[in-house]
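Let's walk through this protein together, one topic at a time. Have the sequence and the 3D view ready as you read.

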Amino acid sequence: MRLRSLSLRLVLAFLLVGLTGAIIVSLFVGQHTRSAFGRFVFDHSRDPLVAALTEFYRSNASWQRVEVSLRLELGKIWKKDEVEFPWLILTDADGVILISWGKNPIGRRLAEQDLKLGAPIQVDGTVVGWLLYDQLVGPLAPGTIEWDFLEDVQGAIWLSAGSATAVALLLGVLLARAIARPVRELTAATRAVAKGELGHQVTVRSRDDLGELALSFNQMSADLARSNRLRRQMTADIAHDLRTPLSIVLGYTEALSDGKLQGTQEMYDAMHGEAQLLQRLIDDLQTLSLADAGELPLTQLQIAPQTLLERTACAYSVQAEQRNITLRVVAAPDLPLINIDSDRLAQVLGNLMNNALHHTQPGGQITLVAESDAGTVHLCVQDSGDGISSEDLPYVFERFYRGDKARQQQDSASGLGLAIAKSLVEAHGGSISVESVVGKGTSFTITIPYTA
């Protein structure tokens, strides 16, 4: 069976982790329980054993045949015939092992620190031997009550481990389903988008990482749908903007070719104007194409921000005066130089000025502001004009956006002006933003970084 299902993989992972954890815990707990309980049993039976061994040595003045006596004494304690316990060690006064039914060999001398862990056997105040608990082996002999108790404890431990594994498996199944369900929905949604169902949304079921993923997918899908819609609108707008001047030029040229009209200066001027409009649209599209490809040529030089604004104000002062609009330049003192292509930035400022002049009523005011802050220079074009509605404000920099039909530039009826401005500013590593209140005016802010 191929493990291609995410749910199956998660369930097996939970099962493996739960089973491994249960086995490790059972082994450690079982070993520790047996060791601790064996020590308890030894401590509990130590005193009668020490007393019996003391009496044996007092009677015999040696440890010869002590093993037989020790077996009998252990049998009395555990209510059983002669037995041996692997956890018990008897040594002489020098620490040499006399009796060991475990892993420590008879005749081995134990270290002094090991002897201190055992119980001394004293006769008339003299240590004649040591009774110790062997740490290297299990504690009890089979068949005793204590052995049966440990077996019951061990069985309970394994039963608990099995129950914990079953619970982990159940939780794993539930969690795997909870994780796999949104993943399956996202997979189906991506296939739907791949088939062209742009804008397809999935249900956000949680606020965790999967919920964030679902939100990101929904945002991406919505953006794709919106971009596709704008692309179609842009294609239609380009076709419309090209068709109008072309129709005029073709109409004149056909009439002239057929001899239906006689050429006049006014006719030639009209055709030339429409050709210029076509050229301007083509140039705008080429600029956007180069900016998108990151190949927009820039000739950057150090220039003072105030100089750039004054040049823009001078270029548009006559139009402002004709419209009875006050034009001012306000620049903060000691502004740093900025490294820019002055012709490109002048194109951006010119676009913003055209908008401001077109939408500012006579008697209004346009202010060009330059200021610096934290490694950046801000160039602002502020007008007291009509303003932009809050519904249209987020989209004013999009290509061919026509939410506010009134805010179309006089020199670029296609709606590419602000999109070009955004691309040119970003080509300089900067950004452009807008704030506006309907009826009170609009403020465009160009932010350009500078190096101190």
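**The overall picture**

Take the contacts in the protein between residues at least 6 apart in sequence: 64% of them join residues at least 24 apart. Contact here means heavy atoms within 4.5 Å. Keep in mind that this is a predicted model, where local features need pLDDT of at least 70, side-chain atom pairs count only at pLDDT 80 or more, and totals for chains, interfaces and linings use all residues. Residues are numbered from 1 along each chain as its sequence is written, and side-chain values use heavy atoms, with hydrogens and water left out.

- The protein has nine helices and eleven strands; helices (H or I, at least four residues) and strands (E, at least two) are DSSP runs, numbered from the N terminus.
- Of its 452 residues, 39% count as buried. Buried means under 20% relative accessible area, exposed means over 50%, and partly exposed is in between (1.4 Å probe, protein chains only).

**Helix 6**

- Helix 6 covers residues 265-292, which makes 28 residues. From its first C-alpha to its last it reaches 40 Å, close to the 40 Å expected at 1.5 Å a residue (the expected span is 1.5 Å times one less than the number of residues).
- Which residues of helix 6 are buried? They are Met267, Met271, Glu274, Leu278, Leu281, Asp284, Thr287, Leu288 and Ala291.
- Just after helix 6 comes glycine 294, with a positive phi of about 70°.

- Threonine 312 sits in helix 7 (residues 305-322). Its relative accessibility is 6%, so threonine 312 counts as buried.
- Leaving aside residues up to four places away in sequence, threonine 312 touches Leu349, Met353 and Leu368.
- Cysteine 314 and leucine 327 are 13 residues apart along the chain, and their C-alpha atoms are separated by 9.5 Å.

**Helix 8 meets helix 9**

- Helix 8 (residues 342-359) and helix 9 (residues 417-427) pack at an angle of about 150°, with their axes 9 Å apart. Axes are lines fitted to C-alpha atoms, for helices over the stretch in contact, and angles run from 0 to 180 degrees between N-to-C directions.
- Helix 8 and helix 9 are therefore roughly antiparallel to each other (angles under 35 degrees count as roughly parallel, over 145 as roughly antiparallel, 65 to 115 as roughly perpendicular and the rest as oblique).
- On the helix 8 side, the contact is made by Arg344, Gln347, Val348, Asn351, Leu352 and Asn355. Helix 9 brings Gly417, Leu418, Ile420, Ala421, Leu424 and Val425.

- Why is helix 9 largely enclosed by the rest of the structure? Because eight of its eleven residues are buried.
- Those buried residues are Gly417, Leu418, Ala419, Ile420, Ala421, Ser423, Leu424 and Val425. They pack against helix 6, helix 8, strand 10 (431-437) and strand 11.
- After helix 9 you'll find glycine 429, whose phi is positive, near 80°.

**A serine in strand 11**

- Serine 443 belongs to strand 11 (residues 441-449). Its relative accessibility is 17%, so serine 443 counts as buried.
- Not counting residues up to four places away in sequence, serine 443 touches Val381, Gln382, Ser433, Val434 and Glu435.
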